[in-house]
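Please read it alongside the sequence and the coordinates.

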Amino acid sequence: MQTRSTRAVVMIASLAILASACGSDKKAATTTTAATATTAAAGATTAPAASGGGKVGFILPDSKSSARWEGFDRPLITAACAKAGLTCDIQNAEGDATKMATIADQMITEGVKVLAIVDLDSASGAAIQNKAKAAGVKNIDYDRLTLGGAADVYVSFDNVAVGTAQGEGIVKCLGGAAAKGKNVIELDGSPDDNNATLFKQGYLAAIKDSGINIVGDQAVPKWDNQVGGQLFEQMLTAAGGKVDGVLAANDGLSLAAQAVLTKNGLKVPATGQDATVDGLRAILQGTQCMTVYKPVIAEAQGAVDAAVALIAGKKPDTTVTINNKTGDIPYIQAKIQPIYIDSVKVPVADGFVKRADVCKDIEDLCKANGV
């Protein structure tokens, strides 16, 4: 798979998601149909308004399933809010739907004009959004689509494309045509996360004609890495230890599977997602074959720009829509990039992760791969 400069990707994504006044774009809207919907301190972060542009609430889902939420999304949203002149209250529900609802109630009471959530499941997310809508608050689905919800806009990556990159990745990592007949175990994301459904849709389509044998397939509730490791070990045992690859939905689940493989004296290629420090290190060390880099800066900026437009009574500038089972809503879609060992340098060069963190104690591997 061809690797391209992610600087260009971010530039394209940023141009695609700048949400200002709705212009007179005559292009026909495209519609994507979605399937069913998923501890750094969880304290609030408030980005002060530079010019009193309005108050926006952001609720992140947890800090355990992925390093991205607290490590990337929070600081990038904070910076984008400050630049836009918004006062943004950013809190983390830590995987607790009741806590998310309580935080949302507090934000609505305190007068947010826009509420952006990463839902924990569609039912609880829709309840939050309907309450916000009734209070005159605009809603943003951030990263995850809330099915049956009341979002005014959805800001995310092309999640089917993420899964496609993972599916193509496992085929590539198993030798392309040589992948035929190879045994692969799937570790899917949380069954109540719509994104996990879309990831799986993408990778199943990508491996459909590869001849790969799926010898185990489990969804991991709440993206819990510990549970993922336990489920993987059960599937590995059931397969008699005969596995040639792991199709894991993100870096956390990949690393959990790698720990089990190491314990059993096995080393096979695995996929991932999020381009985390540990995931990139695993790629350099040969225990993970690829990950998917999602430049969060594009998603965070897209959400803040959408909030600015909604506060001004305008529609975000996008011709793409997605159906959330309530209707078609605007979809601000950022770009993704698959990362292999020869492109680990890309998220490092972009400043997405620090070289010192990725290369700690493996400087020789970094130098050998241009990092």
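The structure is a predicted model, in which local features need pLDDT of at least 70, side-chain atom pairs count only at pLDDT 80 or more, and totals for chains, interfaces and linings use all residues. Residues are numbered from 1 along each chain as its sequence is written, and side-chain values use heavy atoms, with hydrogens and water left out. Helices (H or I, at least four residues) and strands (E, at least two) are DSSP runs numbered from the N terminus.

**Helix 7 and helix 8**

- The axes of helix 7 (residues 225-238) and helix 8 (residues 251-263) cross at roughly 45° and come within 8 Å; axes are lines fitted to C-alpha atoms, for helices over the stretch in contact, and angles run from 0 to 180 degrees between N-to-C directions.
- Helix 7 is therefore oblique to helix 8, on a scale where angles under 35 degrees count as roughly parallel, over 145 as roughly antiparallel, 65 to 115 as roughly perpendicular and the rest as oblique.
- From helix 7, Asn-225, Gly-228, Gly-229, Phe-232, Glu-233 and Leu-236 meet Gly-252, Leu-253, Ala-256, Ala-257, Val-260, Leu-261 and Lys-263 of helix 8, where contact means heavy atoms within 4.5 Å.
- Seven nonpolar, four polar and two charged residues make up the contact of helix 7 with helix 8; Ala, Val, Leu, Ile, Met, Phe, Trp, Tyr, Cys and Pro count as nonpolar, Asp, Glu, Lys and Arg as charged, and the others, Gly among them, as polar.

**Helix 8 in its surroundings**

- Helix 8 has 13 residues and reaches 18 Å from its first C-alpha to its last, close to the 18 Å expected at 1.5 Å a residue; the expected span is 1.5 Å times one less than the number of residues.
- Buried residues of helix 8 include Asp-251, Leu-253, Ser-254, Gln-258 and Val-260 (buried means under 20% relative accessible area, exposed over 50%, partly exposed in between, with a 1.4 Å probe and protein chains only).
- The cover over the buried residues of helix 8 includes strand 8 (183-188), helix 7, strand 10 (245-248), helix 9 (277-285) and strand 11 (291-293).

**Helix 5 and helix 6**

- Helix 5 (residues 159-173) packs against helix 6 (residues 194-207) at an angle of about 40°, with their axes 6 Å apart.
- Helix 5 is thus oblique to helix 6, and the crossing is right-handed.
- Residues making this contact include Val-160, Gly-163, Gly-167 and Val-171 of helix 5, and Leu-198, Phe-199, Gly-202 and Ile-207 of helix 6.
- By class, the contact of helix 5 with helix 6 has nine nonpolar, eight polar and one charged residues.

**Helix 2 and helix 10**

- Helix 2 (residues 68-84) and helix 10 (residues 296-311) have axes that come within 9 Å and cross at roughly 40°.
- This angle makes helix 2 oblique to helix 10, and helix 2 passes helix 10 in a right-handed crossing.
- Among the contact residues are Phe-72, Leu-76, Ile-77 and Ala-80 of helix 2, with Val-296, Ile-297, Ala-300 and Val-304 of helix 10.
- The contact of helix 2 with helix 10 comprises 11 nonpolar, one polar and three charged residues.
- The 16 residues of helix 10 should span 22 Å at 1.5 Å a residue, and the end C-alpha atoms are 23 Å apart, which agrees.
- Helix 10 is mostly covered, with 12 of its 16 residues buried; Glu-299 and Asp-305 are among them.

- Trp-223, in the loop between strand 9 (213-219) and helix 7, has a positive phi near 55° and counts as buried at 6% relative accessibility.
- Asp-361, in the loop between helix 12 (355-359) and helix 13 (363-368), has a positive phi of about 70° and counts as exposed at 72% relative accessibility.

- Glu-186 lies in strand 8 and counts as buried at 1% relative accessibility.
- Not counting residues up to four places away in sequence, Glu-186 touches residues including Lys-200, Tyr-203, Asp-217 and Met-235.
- Asp-62, in the loop between strand 3 (55-60) and helix 2, is buried with a relative accessible area of 9%.
- Leaving aside neighbours within four places in sequence, Asp-62 is in contact with Trp-69, Asn-92, Glu-94 and Gly-95.
- The C-alpha atoms of Asp-62 and Leu-120 are separated by 8.9 Å, with the two residues 58 residues apart along the chain.

Definitions and conventions:
A crossing is left-handed if the near helix is turned anticlockwise from the far one by less than a right angle, and right-handed if clockwise.
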